[in-house]
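Reader: Hi, could you walk me through this one slowly? I am new to reading structures.

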Amino acid sequence: MRKNQATNFVFRRCRPVLAFAQTNAMNDNLIVPNSLLPNVYGPLTPGRMFERTAALLRENFKLFFGIVLVVIGVEIVVGGVLGGSGIWMGRFTAGDAPIMKALFVTPLALLGAALIYIFTQIIQGALFLATQAKLENRPVTIGEACRLAADKAGKLVGISVLVGLRVLGYVLLLGFVFV
């Protein structure tokens, strides 16, 4: 076989594999799926999935609880400082010129809600990364998981917004179908 024919033969054989290849980002290396690798987790039935989840939470309680405490702490601080509490808003609407006070507090409350939404997405990403690391038997700390998730905050918020829009679209579609 000549060199050109050999190159074409190899290229034709690799084309189906490359058609299914994916990349994580534009600069990441190519990920080629390999179905020859054994499933290290075994078959997952619903019962086994809940069993493994409970075992993972039991074995790594401090890690997951610490990650959740981060978001709760941020929500308390943001809610207290920027007016995320209805009681706090109620104090400003009583008395003289409640409309002016409400106009001042409402943007702060909206900013607080946006910050809490962003921090919630970061914490969900941190929980995912910590779970992935523990399933792969890699050590991970609370700060490391939160930092890695914070680096991807834009993507996490974007995915969350797109999922919300998709759900809203389905709800509207079902509303138009059944009305």
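Reader: Where does the largest share of the nonpolar patch come from?
Author: The largest share, 6 residues, comes from H7, where helices are DSSP runs of H or I with at least four residues, numbered from the N terminus. This is a predicted model, in which local features need pLDDT of at least 70, side-chain atom pairs count only at pLDDT 80 or more, and totals for chains, interfaces and linings use all residues. Residues are numbered from 1 along each chain as its sequence is written, and side-chain values use heavy atoms, with hydrogens and water left out.

Reader: ok, and which residues form that patch?
Author: Tyr 117, Ile 118, Val 161, Leu 162, Leu 165, Leu 168, Leu 172 and Phe 176 form the patch on the surface, and together they have about 790 Å² of accessible area. Such a patch takes residues with over 30% relative accessible area and no salt bridge, joining nonpolar side chains (Val, Leu, Ile, Met, Phe, Trp, Tyr) within 5 Å and like charges within 9 Å. Accessible areas come from the Shrake-Rupley method with a 1.4 Å probe, and for residues only the protein chains shown count as cover.

Reader: why does Leu 168 count as partly exposed?
Author: Leu 168 counts as partly exposed because its relative accessibility is 45%, and that class lies between buried (under 20% relative accessible area) and exposed (over 50%).

Reader: new topic, how many salt bridges are there?
Author: A search of the whole structure finds 1 salt bridge, meaning a side-chain nitrogen of Lys or Arg within 4 Å of a carboxyl oxygen of Asp or Glu. Arg 138 forms a salt bridge with Glu 136, with the closest N and O atoms 2.9 Å apart.

How values were computed
Helices (H or I, at least four residues) and strands (E, at least two) are DSSP runs, numbered from the N terminus. Buried means under 20% relative accessible area, exposed over 50%, partly exposed in between (1.4 Å probe, protein chains only).
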